[in-house]
Amino acid sequence: MAILDTAFEETLTSNGNTAEFVHHGGELLVGVQGNHGTGSPVATLQASFDGGTTWGTATDIVTGNTLVVSGGTTGAAYGGSFSFPPCRVRFNLAGSISPSLGLYAARANGPRVQ
């Protein structure tokens with residue numbers, strides 16, 4: 001798992017998961033942009049509070065926000081902010097054919113994500 005000083009960025013060109021990163025708690029800013037591909041693409045922000053054993057759709061318990069982009073428009077940008085305790089985070093892409101989807105995350109008001 002890489003240590004990143006400012007932000008996380010990865011492009012998925014097939015279905016699967018990005019690398020996971022450690023969120024040290026607080027507000028996390030996330031975004032999705034690019035070619036979602038054909039088929040029935042679904043990009044999901046996932047979190048694990050048990051060290052990466054169990055993963056689920058990340059849901060902010062205060063706002064109820066999730067980042068689940070289903071059948072996104074090519075080039076459109078989707079984003080949100082989420083407040084989480086320390087956890088591991090990753091993105092998942094499923095149901096897509098020939099995607100090239102950029103996935104981004106940064107910690108708000110903080111020095112790093114890992």
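Visitor: Which residue in S10 is the bridge partner of Val30?

Guide: We're looking at a predicted model, where local features need pLDDT of at least 70, side-chain atom pairs count only at pLDDT 80 or more, and totals for chains, interfaces and linings use all residues. Residues are numbered from 1 along each chain as its sequence is written, and side-chain values use heavy atoms, without hydrogens and water. Strand S4 (residues 26-35) runs antiparallel to strand S10 (residues 100-107), paired over eight bridges (strands are DSSP E runs of at least two residues; pairing takes at least two bridges). In S10, Val30 has as its bridge partner Ala105.

Visitor: And Leu29, which residue in S8 is its bridge partner?

Guide: S4 also pairs with S8, again in the antiparallel sense over eight bridges. On the S10 side, Leu29 stands opposite Ala106. Over in S8, its bridge partner is Ser81.

Visitor: Which strands stand at the edges of that sheet?

Guide: Read the open sheet in order and you get S1-S10-S4-S8, with antiparallel pairing. Two of these strands have a single partner each, so one side of each is left without a neighbour in the sheet: S1 (7-12) and S8 (77-84).

Visitor: Arg90 has no salt bridge, so which side chain of opposite charge is nearest?

Guide: Arg90 sits in strand S9 (residues 87-97) and is buried (under 20% relative accessible area, 1.4 Å probe, protein chains only). Its side chain makes a polar contact with that of Gln46 at 2.7 Å (N or O atoms within 3.5 Å, one able to donate a hydrogen and the other to accept it). A salt bridge needs a side-chain nitrogen of Lys or Arg within 4 Å of a carboxyl oxygen of Asp or Glu. The nearest side chain of opposite charge, 5.3 Å away from Arg90, is Glu20.

Note on methods
Helix = DSSP H or I, 4+ residues; strand = E, 2+ residues; numbered from the N terminus. Buried < 20%, exposed > 50% of the residue type's maximum accessible area, 1.4 Å probe, protein only. Lys, Arg positive; Asp, Glu negative; His and termini not counted.
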